[in-house]
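Reader: Hi! I'm new to this one, could you walk me through it?
Author: Happy to, let's look together.

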Amino acid sequence: MKDPVGVAEIAAMFGMTRQGVDKIIRTKSDFPEPEATISAGRIWSRVAIEKWAKATGRGIVETGA
């Protein structure tokens, strides 16, 4: 997987807390499924999160460039 992100990175992308991201993950049925779960937690591809953000009209604060 290229450019994996965890909850902390997703929080930075949206300018919110990790707890806020956890709430989105729990309550939004259209949130992407994690690509994998490792000892540090769940991980997603940055591309999947960016596509979800665009599709749902959520602004990304940080691009991780």
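Author: Let's begin with a strand pair: strand β2 (residues 36-38) and β3 pair in an antiparallel way over three bridges. Strands here are DSSP runs of E with at least two residues, and helices are runs of H or I with at least four, numbered from the N terminus. Two strands pair if DSSP finds at least two bridges between them.

Reader: Before we go on, what kind of model is this?
Author: This is a predicted model, where local features need pLDDT of at least 70, side-chain atom pairs count only at pLDDT 80 or more, and totals for chains, interfaces and linings use all residues. Residues are numbered from 1 along each chain as its sequence is written, and side-chain values use heavy atoms, with hydrogens and water left out.

Reader: Thanks! Which residue stands opposite Ala36 in β3?
Author: That's Ile43. β2 and β3 form a hairpin, with two residues between them.

Reader: And what joins β1 to β3?
Author: Two bridges do, between strand β1 (residues 4-5) and strand β3 (residues 41-45), and these strands run antiparallel. In this pair, Pro4 is opposite Ser45.

Reader: What order do the strands have in the sheet?
Author: The order is β1-β3-β2, in an open sheet of three strands with antiparallel pairing. β1 and β2 are the edge strands, each pairing on one side only.

Reader: Back to Ser45: buried or exposed?
Author: Ser45 counts as buried because its relative accessibility is 12%. Buried means under 20% relative accessible area, exposed over 50%, and partly exposed in between, using a 1.4 Å probe and protein chains only.

Reader: Which residues does Ser45 touch?
Author: Leaving out residues up to four places away in sequence, Ser45 touches Met1, Lys2, Asp3, Val5 and Glu35. Contact means heavy atoms within 4.5 Å.

Reader: New topic, helices! At what angle do α1 and α3 pack?
Author: Helix α1 (residues 7-14) and helix α3 (residues 46-56) pack at about 40°, with axes 12 Å apart. That makes α1 oblique to α3, since angles under 35 degrees count as roughly parallel, over 145 as roughly antiparallel, 65 to 115 as roughly perpendicular and the rest as oblique. Axes are lines fitted to C-alpha atoms, for helices over the stretch in contact, and angles run from 0 to 180 degrees between N-to-C directions.

Reader: Which residues make the contact?
Author: Ile10, Met13 and Phe14 of α1 meet Arg46, Ile49, Glu50, Trp52 and Ala53 of α3.
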